[in-house]
Amino acid sequence: MEQHAMQLIHWLGASGALAPILFIFLHILRQFLFIPVGFICILGGVAFGVIFGTIYSLIGITLVSLYFYFLVKSLPKSYSRFMKLKERWFGKRSTLSFGQITILRLVPFLHFHLISLCLIEITRNFKDYTRASVFTNVPLAIVYTSVGSWLNQLTVQWMLTLLFILAVLFYALRRKEWVYKWQEFFAEAR
C-alpha cells in the first residue's frame, strides 16, 4: 500500500497545474477502485500540504456525496435496499444526529455511503443535504490531511484510545428522543 501511495504522490507531483483537478477526480474514482476515503485524504495532505489538501479533499468528498444523493434519489429500489442495510447496521428506529454522523465519518472502517444514507434520511431536501454534507465532511478532510504522517506511525494503544474517545463522543451526541408511529407502537407480534 505504501508503494502505491508513493506512486500516486509522484504521479500528482509530475502532473503540475493539473494536479488539483486530478486529485479531485481521484476522489470521484475512489469508490470504484475500493480505496478508503481516509487514504485519499492522507495522500492529499502529503501531496498538497494541510491547507490545500483539505480544500481539495473537501471538494472531492462533497462531489462524491452529491453524486450519491442523485444516484439514490433516481433509483428507488436501490434506496430501499440501502435502507434495509442501514436498519441492519444501526437498528430500525435509530436516527443519527449531525454530530454522530460527523464522528462516524472519522471512523475509517465504516462505509462512506452508508453514513451518507443516514444524512439523506435526516435532511429534507437537496439544499439541506448539501449543507449538512459539507458540514460533516469538513472534520474528515481536516483530520486525515493534517495527521497523515502521524497515522502511519500510530500504535495499537493510541488507535484503541482514539476509538474509545470517538465512541464516548458518539454516545454523548446521540438523539435523545424516539418517535413512534401509532401503527409501529401497537404492531401485532408476528
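Biologist: How many helices and strands does the chain have?
Modeller: The secondary structure of this predicted model comes to ten helices and zero strands, where helices (H or I, at least four residues) and strands (E, at least two) are DSSP runs, numbered from the N terminus. Residues are numbered from 1 along each chain as its sequence is written, and side-chain values use heavy atoms, with hydrogens and water left out. Local features need a pLDDT of at least 70 and side-chain atom pairs count only at pLDDT 80 or more, while totals for chains, interfaces and linings use all residues.

Biologist: And what is the average pLDDT of the chain?
Modeller: The protein chain averages a pLDDT of 83, and 86% of the residues score at least 70; pLDDT is the predictor's confidence in each residue, from 0 to 100. Where pLDDT is low, the predicted coordinates should not be read in detail.

Biologist: What share of the residues is buried?
Modeller: Of the 190 residues, 40% count as buried, with buried meaning under 20% relative accessible area, exposed over 50%, and partly exposed in between (1.4 Å probe, protein chains only). The chain exposes about 12200 Å², of which carbon and sulfur atoms supply 68%; these areas come from the Shrake-Rupley method with a 1.4 Å probe, and for residues only the protein chains shown count as cover.

Biologist: Which residues of α6 are buried?
Modeller: In helix α6 (residues 112-122), ten of the eleven residues are buried, so this helix is largely enclosed by the rest of the structure. The buried ones are F112, H113, L114, I115, S116, L117, C118, L119, I120 and I122. They pack against α2, α3, α4 (76-90), α5 (98-106) and α7.

Biologist: Which residue has a side chain joined to that of H113 by a polar contact?
Modeller: That is Q31, whose side chain is joined to the side chain of H113 by a polar contact of 2.8 Å. A polar contact is a pair of N or O atoms within 3.5 Å; within protein, one must be able to donate a hydrogen and the other to accept it, and residues adjacent in sequence count only if both atoms are side-chain atoms. Q31 is found in helix α2 (residues 19-33) and is buried, with a relative accessible area of 15%. Leaving aside its neighbours within four places in sequence, Q31 is in contact (heavy atoms within 4.5 Å) with V64, Y67 and H113.

Biologist: What about I28, which residues does it touch?
Modeller: I28 is also found in α2, and it touches L63 and V64, not counting residues up to four places away in sequence. I28 is partly exposed, with a relative accessible area of 29%.

Biologist: Changing topic, where does F34 lie?
Modeller: F34 lies in the loop between α2 and α3 and is exposed, with a relative accessible area of 74%. Its phi is near 55°, a positive value in a residue other than glycine. Most residues other than glycine have a negative phi.

Biologist: Back to α7, where does it bend?
Modeller: Helix α7 bends by about 30° at N137, and a proline, P139, follows within four residues; the bend at a residue is the angle between axes fitted to the seven residues ending there and the seven starting there. At 1.5 Å a residue, the 21 residues of α7 (residues 126-146) should span 30 Å, and its end C-alpha atoms are 30 Å apart, which agrees. That expected span is 1.5 Å times one less than the number of residues.

Biologist: And T136, is it buried or exposed?
Modeller: T136, which lies in α7, counts as buried, at 0% relative accessibility. Its side chain reaches the backbone oxygen of S133 at 3.2 Å. Leaving aside neighbours within four places in sequence, T136 is in contact with F98, I101, T102, R105 and L119.

Biologist: Last one: which residues does V50 touch?
Modeller: V50, in helix α3 (residues 37-74), touches G45, T145 and S146, not counting residues up to four places away in sequence. The C-alpha atoms of V50 and Y144, 94 residues apart along the chain, are separated by 9.2 Å.
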